[in-house]
Amino acid sequence: MRNLRENAMLSRVADSLYWMSRYLERAEHTARLIDVDLQLRLDQSPDAGTGRWARLLEASQTSVPAVGAMDAAGLTNVLTLDRSNPSSIVSCVAAARENLRQVREQCSSEMWEQLNRLYLQINSTAPGEAWLLQSHMFFRAVQEGAHLFQGVTDSTMSHGEGWHYIQLGRYVERTDSLARLIGAHFAHLPHPADQVVESEEYLEWVGLLKSCAAFEAYCKTYTAELRPLRVAEYLLLNAGFPHSVRFSADMVHAALGMIAELTERKAEQPVRLAGRLSATLSFGQIDEIMAGGANAYVDGIRRQCAQVHSAIHQVYFDYSIESTMVA
Amino acid sequence: MLRRMALTPPAQSLLRPPFRNYQFDVAYDEMFQAPGIPWPHYENLFQTLLELPPEQLRKNQQAADLSFLHQGITFTVYGTEEGTERVFPNDLLPRIIPAVEWRKIEKGLTQRITALNMFLEDIYHSGRILSDGIVPRELVYSCKHYRREMRGLNVPRGVYVSVCGTDLVRLPDGSFAVLEDNLRVPSGVSYMLANRKVLKRVFPTLFQDYGVWPVDHYPQALLATLRGLMPLNASGRSGPTVVLLTPGVFNSAYFEHTFLAQQMGIELVEGRDLLVHDNVVYMRTTAGLRRVDVIYRRVDDDFLDPLCFRRDSSLGVPGLFNAYRAGNVTLANAIGTGVADDKAMYAYVPAIIRYYLGEDPILANVQTYLLTGESQRNYVLDHLDELVVKAVGESGGYGMLIGPHSTREEREEFRRRIQAEPRNYIAQPTLSLSRGPCFLEGEVQARHVDLRPYILYGENVTLVAGGLTRVALRRGSLVVNSSQGGGSKDTWVLRA
């Protein structure tokens, strides 16, 4: 007898694990963006901050009709505690938890408890003056909560099919959101490719690196001398840094390879598309990319990423009965 | 110092905290045989409570509540948007049952579930008990849980009820009686297991000193019972694939469904995960379709199959009943078991036991008035202020009139309803449920309790020594249901 537990996972369960992971990654990403922004704001003139807010909103897929009309406090609230914004941190954590709640028998008790604790903590946060002053603590708590969840997941859950869907969700989301953030940055800021950036501008590039949790790692490689070309290369093409686009795409490819193996569906579309995305980044040349425009390149990456997402959906989550009845 | 105080006369020590407001009356008390004098099996807990600073207990209670909240051991309250999940209140003090009492409960429940399964097999086949005039035919056919679709259908091993949760109460004379049988989709077993986990943390030494039977193996016992129910028509299949069918995340018992599926290591499925092709049930997995053999279903009969029962149900699986009929899948519990836990049928259970087993019932029934007969109905209508009236097909404490606590309007309302549909109601004397110690408002207070043990019936009958003790946490309340402000506590069955 084939062991069913080893070989089969409900499509609905896989779907929920995937989305749980995507939402949590999104919450962590947004928390980091705002946290970095609020820190930078202290060192900058008010004008410089406004441009970054626009990029931040663009990167976080939130449409706010009158950006100019809103102050930092209002915008922070929209992105953090506003339940009517589906991309706000509280909405994302709630969605992650709701997805996990629907499949909680599939994860370890420790995972559920960790995510549930994070949700309860965030959900009990009330907006207001006092909160805003302490908001750094809040964003730290979200990031730490997400890191803790990842650690708990890796050390308490069997690294079987379900775990690979969690990996998949995290890195599909990360590939897309990093690409979007980098795209927004390069589209709006002048970037003399191979010169060292200075003064006001310098802070913006630090902000970009910090938003990708990459500042320290970048400095270790290239020192604190920031050149847009190197920043782009590091964030797009670095193979070893977990918050680079290439690393994320490689992880997507790896997870899909494992899933294809476990489900015995090797020649399927998702793994091929992920392989192509991964290869695009592995063989990319940064000067060619910059010559063609970083923004256009990043759009191509995002398009490929969306194709991978739909293929996963069609093959593993929502296939037609006829397609499998033959076997 | 504390030791010396414990030696003072019992009646005096009773007045001391934390027992200062402990209430006594005609109800049987689980802890005390007389005010201040505990039963031998409560002595140890009694001493512990006298010596433990209340502050410590309060901290433990907070820790327990928090642990329930973090684990998400909640039930869903319908109708509100925010905060639809509520923690099921847990009381910190264990309810203790001596070995000798448990042995009688175990025998009595085994006898009862055996007879009820024989009864179901009989009424869905030849109907001997009806022809012999022991149970009136009309009573069976007028029951809304009777399923004519089940007539002549054979189920594996003749097992209709595989999982049963029977509610027991303790009467003022100290004897246990059956209040109702839950033969459809009884819930609450996860709270039994969760309470135990918490209490072992709170009272580790006390627990060890007492010598308590474990309950943690319930999920394995349930799985073994389910695996023993291979479908009749599943020749050539090796081990059965067992799944748990849940109505979904919005069901009030969802936590329990996930918990049991996880503990048993089986898939938790929703109706939309299953499909029927050629009368065979499959689940949709990432690797394609997989055949399903046994379904432990926590979905009511009505919602199982929109082609056969309620058409508007989206929780079920179209075609499931035909697959069941064809013997390709087992449902546990079987369809149509509700006819045997109808509250009017309940009155006949002692006769059912005598008829099939030729034995006297080991556990008594509570006196029950059926309202279809004129003399009993008139008596009940004249004594509505003393009796409890229940709708026969309801559960969860809904549709009830508690005479002594009712208003004139409520009694008139029930009078009208009874006269309109006498078959739909029964009446029972207002019972004085036994009381047990609970830790409330920083002290020990007495509250009414009942007991729901869980019985598994398959190849063998298995009772895990324990159960869910439900508590009416509101002072004076007799209703223990979670939907009506009840809570629960751990139940310790002693080895000796």
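I take two strands as paired if DSSP finds at least two bridges between them. Helices (H or I, at least four residues) and strands (E, at least two) are DSSP runs, numbered from the N terminus.

**Ground rules.** I am reading a predicted model, where local features need pLDDT of at least 70, side-chain atom pairs count only at pLDDT 80 or more, and totals for chains, interfaces and linings use all residues. Residues are numbered from 1 along each chain as its sequence is written, and chains are lettered from A and ligands numbered from 1 in the order in which they are written.

**Entry: chain A.** I looked up the elements and found 17 helices and zero strands in chain A. The radius of gyration of chain A is 20 Å, close to the 20 Å from the globule rule for 327 residues, so chain A is as compact as a globular protein of that length. That radius is taken over C-alpha atoms, and the rule is 2.2 Å times the number of residues to the power 0.38. I noted a C-alpha trace spanning about 70 × 50 × 35 Å along the principal axes of chain A.

Next I checked burial. A residue is buried if 20 or more other C-beta atoms lie within 10 Å of its own, exposed if 12 or fewer, and partly exposed in between; C-beta atoms are placed from the backbone. Buried residues are 47% of the 327 residues in chain A.

Then came contacts, meaning two residues whose C-beta atoms, placed from the backbone, lie within 7 Å. In chain A, 73% of the contacts with a separation of 6 or more join residues 24 or more positions apart.

**Entry: chain B.** I found 15 helices and 25 strands in chain B. Its radius of gyration is 23 Å, close to the 23 Å that the globule rule gives for 496 residues, so chain B is as compact as a globular protein of that length. The C-alpha atoms of chain B fill a box of roughly 75 × 60 × 50 Å along the principal axes. Buried residues make up 46% of the 496 residues in chain B.

**Entry: domains of chain B.** The bounds come from an automatic or database domain assignment. I wrote down domain 1 (2-100 + 190-214 + 445-493), domain 2 (101-163 + 216-357) and domain 3 (367-429) of chain B. The C-alpha centres of domains 1 and 2 of chain B lie 32 Å apart. Their contact takes 25 residues from domain 1 and 29 residues from domain 2. On the domain 1 side, β22(B) gives the most, with four residues. I sorted the residues of that side into 18 nonpolar, six polar and one charged. Here Ala, Val, Leu, Ile, Met, Phe, Trp, Tyr, Cys and Pro count as nonpolar, Asp, Glu, Lys and Arg as charged, and the others, Gly among them, as polar.

**Entry: where A meets B.** I looked up the contact and found 27 residues of chain A touching 27 residues of chain B. On the chain A side, α1 (4-7), α2 (11-41), α6 (109-123) and α17 (321-325) each give two or more residues. The largest share, four residues, comes from α6(A). That side has eleven nonpolar, six polar and ten charged residues.

**Entry: a three-stranded sheet.** I followed β10-β11-β12 of chain B, an open antiparallel sheet in that order. β10 (274-277) and β12 (288-291) of chain B stand at the edges with a single partner each, so one side of each has no neighbour in the sheet. Four bridges join β11 (residues 280-285) to β12(B).

The loop between β10 and β11 of chain B holds B:Asn279. B:Asn279 has a positive phi of about 60°, although it is not a glycine. I counted B:Asn279 as partly exposed because it has 16 C-beta neighbours inside 10 Å.

**Entry: a four-stranded sheet.** In chain B, four strands form an open antiparallel sheet in the order β16-β19-β17-β18. The edge strands are β16 (369-370) and β18 (400-402) of chain B. β17 (residues 387-391) and β19 (residues 425-429) of chain B pair over five bridges. Within that pairing, B:Val389 has B:Ala427 of β19(B) as its bridge partner.

Entry: I found a cis peptide bond between B:Ala332 and B:Asn333, with omega about -5°. B:Asn333 sits in the loop between β14 (330-332) and α13 (349-357) of chain B.

Last, I looked at B:Glu441, in the loop between β20 (435-440) and β21 (443-448) of chain B. B:Glu441 has a positive phi of about 50° and is not a glycine. B:Glu441 is exposed, with 10 other C-beta atoms within 10 Å.
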